[in-house]
Amino acid sequence: MSTLKVDQVSKLYRAASRGGGLTPALRQVSFELRQGEVISLIGESGSGKTTLGKVILRLVRPTSGTVTFDGADIAEYSPGGLRDYYRHVQGVFQDPFSSYNPIYRADRVFEMVREVYFRGVPRKEWNGKIEAALDAVALNPGDVLGKYPHQLSGGQQQRLLIARALLLDVKVLVADEIISMLDASTRVDVLNLLVKLKRAGLAVLFITHDLSLGNYVSDRTVILRHGAIVEMGETEKVFGNPQHDYTKMLLSAVPELHKKWQHTPLGPVAVSGNGRVAAADTIESIPNGRGVTALAHASLVEQLTHERPVVKRERRVFSGVFHGPRAASGSSAVALSLEPPALREFEPGHLVAETE
Amino acid sequence: MSVSVENLSVAYRSRRGDVTAVDNVSFALADGEIMGLAGESGSGKSTLGNALIYLDARMRQTGGKVTLDGRELPIADPKSMRPRRMTEVSLVPQYAMSALPPTRKIGKLTGDLLTSHRVPNQAEVLTEMRRRIELIGLREDVLGKYPFELSGGMRQRVTIILSTLLNPSLLVADEVTSALDVSTQRAVGEMLLEFRDRGYVKSVIAITHDLSILAQIADSITIMYAGRLAEKASTSTIVGNPLHPYTQALIASLPAVGVRYDQTMLTGIPGRPPSLANPPAGCRFRDRCPFAFDKCQQTPPFEEVKPGHYVACWKVSQEEQAG
């Protein structure tokens with residue numbers, strides 16, 4: 001039984017401008033991904049979700065913290081060990097069109113796997129393996145083999161990449177926004193494929209910003225904001241009974257087919273110069289209690305979520321693990337502590353962070 | 001009728017002959033209507049939207065006509081279209097986030113735009129722009145910023161303000177919410193509603209592949225498939241009681257919050273849309289349709305089966321006739 005364990009992983013990026021401030025992309029993120037489990041990792045742009053996927057795939061080295069696979073720290077693999085690691089842990093990314101070299105046929109991705117991992121396998125046996133993998137992702141070999149990438153649809157390309165991962169003895173799949181570029185009619189097929197593979201024992205980290213898709217496939221949900229976990233637990237509990245204000249806000253903004261947003265028309269001088277409004281128009285309030293209309297609310301939320309979080313001049317501090325809040329903020333940056341908000345157990349299998 | 005499109009066809013020139021991306025399309029928009037235009041990639045929805053504003057060199061109008069507020073819109077004639085863009089018709093292009101020139105501050109860019117459109121009272125327009133910027137919750141200082149200093153959602157909203165600055169009658173918004181996070185999506189969606197309510201735009205065609213966004217903001221939804229219209233009706237009808245098999249399948253393939261694979265297994269639509277270079281005769285959804293029968297070899301008419309509800313499907317027409 002294989003387990004991928006992310007333990008206290010932090011990643012700081014050094015900003016080239018703004019006086020060499022540091023941008024924390026991940027702040028002490030910990031969770032475990034077990035066999036046969038789909039975890040959806042949900043966050044808006046800049047939340048660090050893609051960085052976490054890259055850390056797990058060892059494409060980015062964390063500033064501190066470890067990722068262990070079956071008890072072994074992935075940072076310490078020898079080149080041979082790393083090759084074995086990639087036999088078990090694979091990634092599929094958002095844009096299928098940029099995962100292929102347009103000059104070569106699409107099935108070259110299979111050939112490259114063979115060159116690295118299956119040199120001794122006879123051609124006939126290898127072709128059998130490819131057919132089995134294509135069958136698992138519901139592709140007809142005649143439709144895709146020998147074709148160039150531009151001859152395949154986005155859904156076919158994405159499924160071909162999953163088939164490539166299946167050729168290996170893959171146990172963990174990092175799926176980073178794999179369906180956001182697909183049409184609605186093919187999205188569900190790829191989602192159902194993940195469900196099928198999960199039932200066969202595959203562990204999937206499903207990275208997405210789309211809450212309804214995350215909700216559909218996952219057993220557990222991790223919600224990231226500014227690189228820290230704000231809420232995590234069994235999907236039914238997190239979505240059915242969200243506790244953190246940020247989760248609630250995300251859920252309230254999801255467009256649903258059969259339920260309309262509450263749109264409150266703005267008054268004649270609804271917004272003053274700084275974008276804030278009087279409390280009389282309050283329909284929703286965000287954590288710090290400022291009253292806002294829906295539109296101003298959205299822009300405040302945007303301010304909270306999209307402005308660059310920067311910790312200034314902290315370069316000397318993180319030689320060890322971070323201790324204590326050391327936040328300082330630039331003029332347009334959100335003040336942020338390197339220490340993530342503490343998680344408490346709201347109910348069994350459902351953790352919620354303190355308000356930051 | 002604010003906008004009326006009759007039998008419009010638009011083709012792309014290619015070396016192997018014309019590819020008709022918009023095939024004999026007719027619809028009308030009332031004043032104040034936000035019409036959602038949805039379909040898969042390659043369905044011709046962007047081509048249709050763009051054709052109303054700007055036909056680029058590859059595109060050619062091969063039939064039909066467009067009327068805006070009682071006057072014909074000469075979409076095939078760039079010279080006479082030029083003065084009507086921005087004042088009467090306006091477009092928020094797909095990838096609007098990268099539509100802003102990177103070396104121009106927003107304020108400067110606005111000035112350039114107004115000058116090139118020969119707007120006389122620029123100072124007044126700029127004051128109005130400031131008012132609108134504040135209205136939607138941005139700060140006035142965005143005028144002094146470069147596009148890269150703004151987040152994606154802010155850029156998207158600035159682009160919409162620019163496109164609607166001269167209060168056009170028709171705004172075509174192409175995938176304005178697609179690359180955004182949910183919270184920003186909502187802000188942009190509500191901004192479109194607010195601008196319509198305030199009369200900054202008279203009517204809007206919102207093009208997207210995301211039906212759930214349209215369910216939030218659109219008054220009516222038109223579904224396009226392989227260059228033709230499949231169904232048009234009020235938003236509540238399309239979402240709650242669609243008649244065309246394609247619309248039904250699309251709606252059924254959308255996961256709602258709270259739906260999980262172990263309770264409800266959703267299904268996609270097998271197959272792909274036909275190539276428009278050499279489309280099959282008859283109904284173009286035929287090969288993917290679970291209800292296809294002999295008559296589908298002929299092209300179904302896009303007809304009104306109930307008041308305000310248009311469908312192009314033989315099965316639906318027959319059932320409606322039978323009562």
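Student: What is the mean pLDDT of chain B, and what percentage of its residues reach 70 or more?

Tutor: pLDDT is the predictor's confidence in each residue, from 0 to 100. In chain B the mean pLDDT is 90, and 100% of the residues reach 70 or more. This is a predicted model, in which local features need pLDDT of at least 70, side-chain atom pairs count only at pLDDT 80 or more, and totals for chains, interfaces and linings use all residues. Residues are numbered from 1 along each chain as its sequence is written, while chains are lettered from A and ligands numbered from 1 in the order in which they are written. The model scores ipTM 0.81 and pTM 0.82.

Student: What is the mean pLDDT of chain A?

Tutor: Chain A has a mean pLDDT of 79, with 77% of its residues at 70 or more. Helices (H or I, at least four residues) and strands (E, at least two) are DSSP runs, numbered from the N terminus. The pLDDT is below 50 over residues 268-294 of chain A, a stretch with 57 contacts in the model beyond near neighbours in sequence. Over residues 312-334 of chain A the pLDDT also stays under 50, and the model has 40 contacts there beyond four places in sequence. Two residues are in contact if their C-beta atoms, placed from the backbone, lie within 7 Å.

Student: How many helices and strands are there in chain A?

Tutor: Chain A has 12 helices and 14 strands. Of its 356 residues, 45% count as buried. A residue is buried if 20 or more other C-beta atoms lie within 10 Å of its own, exposed if 12 or fewer, and partly exposed in between, with C-beta atoms placed from the backbone.

Student: Which residues have the most contacts inside the largest nonpolar core?

Tutor: A nonpolar core is a set of buried Ala, Val, Leu, Ile, Met, Phe, Trp, Tyr and Cys residues joined through C-beta atoms within 7 Å. The largest one here has 88 residues, and those with the most contacts inside it are V172(B), A173(B), L192(B), A206(B) and L214(B). Apart from it lies another core, of 78 residues, which includes V38(A) and L351(A).

Student: How many residues does each chain give to the contact between them?

Tutor: Chain B gives 47 residues and chain A gives 48. On the side of chain B that touches chain A, the largest share comes from α6(B), with 11 residues. That side divides into 22 nonpolar, 14 polar and 11 charged residues. Here Ala, Val, Leu, Ile, Met, Phe, Trp, Tyr, Cys and Pro count as nonpolar, Asp, Glu, Lys and Arg as charged, and the others, Gly among them, as polar.

Student: What is the order of the strands in the open sheet of chain B?

Tutor: Strands of a sheet pair through backbone hydrogen bonds, either parallel or antiparallel. Two strands count as paired if DSSP finds at least two bridges between them. The open sheet of four strands has the order β2-β1-β4-β5 in chain B, with antiparallel pairing. β2(B) (19-29) and β5(B) (71-73) stand at the edges with a single partner strand each, so one side of each is left without a neighbour in the sheet. Strand β4(B) (residues 59-68) is joined to β5(B) by three bridges, and T67(B) has E72(B) in β5(B) as its bridge partner.

Student: Is strand β10(B) largely enclosed or left open?

Tutor: Six of the seven residues of β10(B) (residues 228-234) are buried, so the strand is largely enclosed by the rest of the structure. β10(B) pairs with β9(B) (residues 220-225) in the antiparallel sense over six bridges, and S220(B) has S234(B) as its bridge partner. Two bridges also join β10(B) to strand β12(B) (residues 309-311), again antiparallel.

Student: What value does phi take at A226(B)?

Tutor: A226(B) has a positive phi of about 45° although it is not a glycine. A226(B) lies in the loop between β9 and β10 of chain B, and with 22 C-beta neighbours inside 10 Å it counts as buried. N24(B), also not a glycine, has a positive phi near 55°. N24(B) is found in strand β2(B) and is partly exposed, with 17 other C-beta atoms within 10 Å.
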